[in-house]
There are 2 protein chains.
Amino acid sequence: MKKYKELSREELETLRSELQKAFEDAKGKGLSLNMARGKPSPLQLDISGELCDALTSSSDFITESGIDIRNYGELTGLPEAKKLMGDMMGVDADKVIVFGNASLPIMYDTVSRSYAFGVNGSTPWCKLDKVKFLCPVPGYDRHFAITEQFGIEMIAVPMDDNGPDMDIVRKYVESDDSVKGIWCVPRFSNPAGVVYSDDVVKAFATLKPAAEDFRIYWDNAYAVHSLYDDAPKLLDIIGECEKAGHPDMIFEFCSTSKISFAGAGIAAMASSADNLAWVKKTMTIQTIGYDKVNQLRHVRYFKDIDGIREHMKKHAEILRPKFEAVYDEFEKELSGLDIATWTTPKGGYFISFNAMEGTAKEIVAKCKEAGVTLTGAGATYPYGKDPKDSNIRIAPSFPSAEDMKKAAEVFVLCVKLVTVEHLLGA
Amino acid sequence: MKKYKELSREELETLRSELQKAFEDAKGKGLSLNMARGKPSPLQLDISGELCDALTSSSDFITESGIDIRNYGELTGLPEAKKLMGDMMGVDADKVIVFGNASLPIMYDTVSRSYAFGVNGSTPWCKLDKVKFLCPVPGYDRHFAITEQFGIEMIAVPMDDNGPDMDIVRKYVESDDSVKGIWCVPRFSNPAGVVYSDDVVKAFATLKPAAEDFRIYWDNAYAVHSLYDDAPKLLDIIGECEKAGHPDMIFEFCSTSKISFAGAGIAAMASSADNLAWVKKTMTIQTIGYDKVNQLRHVRYFKDIDGIREHMKKHAEILRPKFEAVYDEFEKELSGLDIATWTTPKGGYFISFNAMEGTAKEIVAKCKEAGVTLTGAGATYPYGKDPKDSNIRIAPSFPSAEDMKKAAEVFVLCVKLVTVEHLLGA
């Protein structure tokens with residue numbers, strides 16, 4: 001296949017006509033497919049139906065540790081749930097607090113707590129003139145929304161296949177004491193699907209921050225969400241930070257939202273003893289405790305980390321064909337044209353697509369016109385602004401594999417059409 | 001029975017010896033009873049066991065409104081859950097947001113949101129020199145803990161059998177624009193058990209606050225928690241505020257924590273459209289949504305407000321004898337002695353006891369010595385400081401009725417002993 005840039009004007013015009021015709025045909029099909037958000041499909045949700053049977057009226061509501069889960073108490077979560085969530089993150093149960101139904105509110109509350117009261121004794125961020133967060137890009141729009149809401153300045157940091165550019169991270173963190181945090185999705189990053197390399201994890205753990213209240217926000221959302229057995233592993237950053245003598249530099253988050261039920265799972269934070277004590281200090285004012293019934297339900301259902309791993313294989317079986325439908329279509333239709341790059345993650349919920357500069361918004365709009373909804377272009381950048389207007393996040397989880405194939409076809413068509421128009425217009 | 005104050009020194013000394021002996025006997029029994037917190041007893045929790053059967057793997061996980069409760073979405077809660085919780089508060093479903101497992105975090109988050117971002121467009125409280133809250137006393141220690149944590153100055157306001165002294169409330173609210181809120185438990189107040197009279201509710205609704213961001217925090221925790229059929233009703237303040245042209249002045253909160261499972265129920269807030277829009281603006285950053293599985297579980301189990309009312313009768317049957325054990329013991333042993341007053345609420349979770357000035361801490365300590373744990377004296381006042389050292393909160397729900405009788409006997413004994421010692425020492 002010939003590279004688009006090598007086509008003559010005449011060839012491009014012929015191509016545009018063909019693509020326009022195909023686009024009109026696609027529009028005529030009246031598709032309505034949504035690849036905007038990382039939502040599990042109903043088939044995936046069906047896998048966890050029996051979670052609801054794990055606690056019934058005839059169940060023992062007292063835990064092995066002797067706690068009546070139906071009553072108040074146990075602010076930091078059931079010991080059994082701490083063990084399960086700790087095992088997911090590869091840390092001991094005593095480094096874990098189990099919270100409510102999802103991890104996003106834990107992250108929000110951690111920022112909110114730092115804003116109002118300061119991180120473990122340091123100045124509350126609301127009393128500072130300037131607070132900054134580093135944001136590896138492309139990244140997760142909901143992370144950026146939290147920092148934006150608190151008026152925190154976001155600095156984009158480029159990523160490659162190994163994770164964030166650690167030279168840039170180090171420069172900012174070690175020279176600027178207004179840099180208080182960095183958002184990371186270290187395994188199957190949202191949306192690029194990058195698994196941070198061991199070197200990158202170690203580089204994080206050995207940072208020497210200018211600010212004593214700098215913290216790494218390690219959103220391990222896809223800790224056990226591999227699509228393939230040979231998916232890369234992630235080094236335990238909590239252990240690495242301890243080894244490097246910086247145990248307080250890290251907050252790790254995880255949840256079962258994409259394991260059991262989305263938004264009705266259980267979620268946890270892991271950190272050092274000092275950080276957990278700080279969290280508890282405000283937590284004990286904010287709540288009498290989270291939903292221990294749902295915590296025990298999850299423990300009884302999954303039993304242990306092996307139970308979760310087996311469960312995740314069922315998710316992978318459903319998700320893999322959808323990812324592969326996209327990978328195949330991209331490979332077949334786009335490789336060699338030199339108009340786009342894309343990632344082919346071995347896990348997680350997203351594929352990151354880089355179109356020709358200045359075309360992403362138009363591609364998303366064209367797809368919408370043909371009935372395929374994507375995440376808004378720019379969403380993967382702080383303030384929703386992709387300076388190159390190039391990155392598009394693809395979320396293949398929700399549609400069926402068959403629909404995903406159709407959606408990928410429409411997407412590829414729109415990429416080609418917009419790119420040709422762009423080349424002709426330029 | 002003779003009033004203690006009318007006893008001669010000799011009579012008091014004889015009485016002290018008798019009481020000391022009785023106290024030593026009581027200590028010897030090795031009791032271990034806890035009346036410190038408003039915890040439901042295991043028998044009460046058993047009532048709701050079948051809640052867990054309301055959703056099983058064979059259930060339909062799609063609501064009547066067409067929502068898959070296992071997936072993301074519906075930030076403000078299921079329509080069916082809004083209806084149920086709205087009916088509990090006597091307001092329309094469109095005035096309700098359903099949140100997570102308890103109402104305390106909703107209140108905390110509302111204060112936190114006001115602190116960081118300001119109430120619906122007004123100056124964030126963190127940017128103000130001084131923010132004050134009114135605290136009707138005796139009141140709920142966890143309310144006071146929230147305002148204390150955010151550095152909000154608390155002003156105690158006395159209450160009588162009709163609710164807070166509205167002349168004092170009006171004076172502060174209408175003259176001081178740093179007064180931004182008031183904590184209220186309007187039905188079966190914690191701990192006095194007062195149901196605010198219609199006049200008091202109307203007086204609240206017609207306040208003309210000096211601060212545009214003044215809000216009434218109406219914690220309707222015991223909305224349906226009557227012990228007797230003839231328990232006083234509470235006027236709907238949301239309707240009254242609307243009538244008075246102040247729809248934005250009120251936040252109402254409620255939960256099923258003491259209906260289904262403590263800390264594993266569902267909780268809600270009711271307010272005006274403008275206030276709800278303001279809440280949603282930050283909520284959409286904080287969370288993708290609360291646990292809809294538990295919301296539907298509650299809806300399927302209770303069906304409607306009548307289902308809740310029937311359910312609450314079962315709670316009342318368990319709780320009533322415990323309250324009456326206390327009422328009877330107090331009446332039998334303390335009436336006529338002129339050394340204490342107490343409330344006899346027709347619902348809720350608490351009894352408020354006023355001992356002779358300067359004796360509450362000592363009484364609580366004595367009870368502890370004899371194996372009966374009470375809420376710390378002073379807890380019912382802002383900053384944990386009861387200026388008269390007189391008020392003690394009694395929480396009869398957790399022990400069995402039989403144990404409650406024993407605990408009340410010990411309590412009465414300690415009240416008498418400490419009072420006599422006080423009279424002799426004074």
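**Symmetry and contacts**

Modeller: Chain A can be laid on chain B with an RMSD of 0.0 Å by a turn of 180° and a shift of 0.0 Å along the axis (least-squares superposition on the C-alpha atoms of residues with pLDDT of at least 70 in both). The two copies are thus related as by a two-fold rotation axis. This is a predicted model: local features need pLDDT of at least 70, side-chain atom pairs count only at pLDDT 80 or more, and totals for chains, interfaces and linings use all residues. Residues are numbered from 1 along each chain as its sequence is written, with chains lettered from A and ligands numbered from 1 in the order in which they are written.

Biologist: How many residues does the contact take from chain A and from chain B?

Modeller: It takes 46 residues from chain A and 46 residues from chain B, where contact means C-beta atoms, placed from the backbone, within 7 Å.

Biologist: Which helix gives the largest share on the side of chain A?

Modeller: H4(A) does, with six residues (helices, H or I, of at least four residues, and strands, E, of at least two, are DSSP runs numbered from the N terminus).

Biologist: Changing topic, what are the domains of chain A?

Modeller: The assignment, which is automatic or from a database, gives domain 1 (4-44 + 309-425) and domain 2 (63-303). Their C-alpha centres lie 31 Å apart. The contact takes 25 residues from domain 1 of chain A and 26 residues from domain 2 of chain A.

Biologist: Which element gives the most on the domain 1 side?

Modeller: H11(A), with seven residues.

Key. Contact = placed C-beta atoms within 7 Å.
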